[in-house]
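Morning, everyone. Please bring up the model on your screens, and we'll walk through it.

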Amino acid sequence: MANVHSLGNTLERMDGDKNRKDGQAKNKQCPYQKCNASQTTTNQPTNQTPSPQSPESYAEGSQPSSPSPDFGQHVLPCSDMSPQPGPTLRDHRHSLSGLGTANGAMSATSPVNAVVKASSTGTLSSAPPPFHAHNSKRENKLPTTVGDCVSNFPFSCSGPLVNNFVRSGSCSANAGKTANGGFDADLFASGHIFFPQSSPLLAASTPQNQAVYNWQATKTSVKERLTYLYNTDTMTDIQFKVGKPPAHQIISAHKFILSIGSAVFDALFNGRLATSDSIIEIPDVEPAAFSALLRFLYTDDVQIGPETVMTTLYTAKKYAVPALERACVEFLKRNLSSDNAFMLLTQARLFDEPQLAALCLETIDKNTSEALAADGFTDIDLDTLCVVLERDTLGIRECKLFSAVCRWAEAECLRQNLIPPTSENQRRVLSKALRLIRFPLMTVEEFAMGSAQSGILEDREVVELFLYFTVNPKPSISFLDVPRCCLTGKEQVVSRFCQIESRWGYSGTSDRIRFMVNRRIYVVGFGLYGSIHGPTEYSVNIQIIHMDSTKVMGSNDPTFQCDGTTSTFRVMFKEPVEILPNTSYIACATLKGPDSYYGSKGLRKVTHESVSSGKVTFQFTYAAGNNNGTSVEDGQIPEIIFYT
């Protein structure tokens, strides 16, 4: 046994002598480097154990090795570069409360020596908090070995430093490591260790979506840096559980960035009643809308679409981000149409957006028939319905408006489980809206064939309205009689031909006729001739053009079915077109289809007279240009449909 101890001591002395010789040889090659972690800066023997009072004392039970070198007397390794003196490093005895690393992965909870010591197993002495990878939300523990540290700090440099670091899990003192694997925090904090930006050697060991060391160097602007933080979970300190289960999502964020972008978040994190929760539940917000809000707070980028704009608007209002609110409203304005006007009107009223609501109402006024036919109309609430029915500017006949209101009442009965949707139930759900329908604007025929037989009106109301239509002076009634959109009385039609002929062909050229009236009217459509070959469908473009300015006053692209007879067939504009007195306009129709009938023996002047609205005089003249043959004497566009 004594021989074994003697042999061990001899080998240990030989190893120490070899290490000193290697160090002297390296110092001769590069006099500015003293980088061997096993070599000391004093004349103490290599096997001398530090005293228990020494700050370099080892943990109890660990095997002694060479003392920690004095970093104040060392310089950085020169690697393949030409020898040059390095900067003097701070004293290794300085304490440090925490280590700043990428993603905040390494930290110290109490002041320790600048050289962080490891246990005899090579693991760190304290367990740092976990961090999360973006999107996948995987919990990654702090690397506990030297190899793990390398993979989590993807720096690169050339020469023996990295090779020793990777192969053996240790490196020289100047590389910021102790002999037993600890990191020198002072060297990291002082910036005296150089880590180039990329390394093919370590690229494969870097986890996806994990923050890389020195990522800030590649981001040249604040927006780029914040975009990087938005796209990763780097340094996040709060999480949100967004949406309703089971479709909720966990989204990580940064309290500081949210607080400077939203007063609501500022109060949530920094107010007197600030939350201490690490995960905040937001069940009333869609994950896509919350992500759009975060993107805007981080990068000023607006990412919304037709499917997410309403939920994003709600989220922006909830968290008081007016700039994102305005962006959502502008998006809605650009995409407003008759098909979605009622749906957006309901949302605009709900979110208190008066400007958007006004635009929706204006669109409904101009395209009343199309808006009422859209699916969104039957989904509106009673208050929104009343707002629409109160308007004097709706461009629709009251009988058609009543039919649309009946459709809404049926849908509302189903929503309230009033099944079946009888006339009594419909009257019940209509409530105050029924009084806003202007039955006196209907003709007696329209009222008798529709509203009087609907069952929604009481017998007393039906009698009252019939008396209003038939007797003079007219009795007082409980329904409004103020005209809508200046359309009064019965729909009227003026015909300009005395005879019908065949045949009239089409090759893509418009049929046009010029006309003028003596009083203001509203043209709502044309009557056109149909096919001479039996039932056929035509596609047609109709326009009314102001003669002097060539401005298109109204236009539409409908289709119409004809039955092969000499009758005329109605094609209507989307909204009434106002025709001013003593002003020239051109009626234009471009048909696509087979040969049709046409009119002959045309009249230059036609006076139309009605009991309710008086006389309207039309004058027809030739429209200069290519008119497909249509003129005052013969051609297409035999009728103009109008209201006074």
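Leaving aside neighbours within four places in sequence, which residues is serine 596 in contact with? Among them are Ser502, Trp504, Tyr529, Gly530 and Gln636. Contact here means heavy atoms within 4.5 Å.

A word on the source. This is a predicted model: local features need pLDDT of at least 70, side-chain atom pairs count only at pLDDT 80 or more, and totals for chains, interfaces and linings use all residues. Residues are numbered from 1 along each chain as its sequence is written, and side-chain values use heavy atoms, with hydrogens and water left out.

Back to serine 596. You'll find it in strand β17, residues 596-602. Strands are DSSP runs of E, at least two residues; helices are runs of H or I, at least four; both are numbered from the N terminus. Is serine 596 buried or exposed? Its relative accessibility is 0%, so serine 596 is buried. Buried means under 20% relative accessible area, exposed over 50%, partly exposed in between, with a 1.4 Å probe and protein chains only. Its side chain also makes a polar contact with the side chain of tyrosine 506, at 2.4 Å. That term means N or O atoms within 3.5 Å; within protein, one must be able to donate a hydrogen and the other to accept it, and residues adjacent in sequence count only if both atoms are side-chain atoms.

Now the cysteines. The structure holds 0 disulfides, a disulfide being two cysteine sulfur atoms within 2.5 Å. Cysteine 498 is exposed, at 55%. Cysteine 588 is buried, at 5%.
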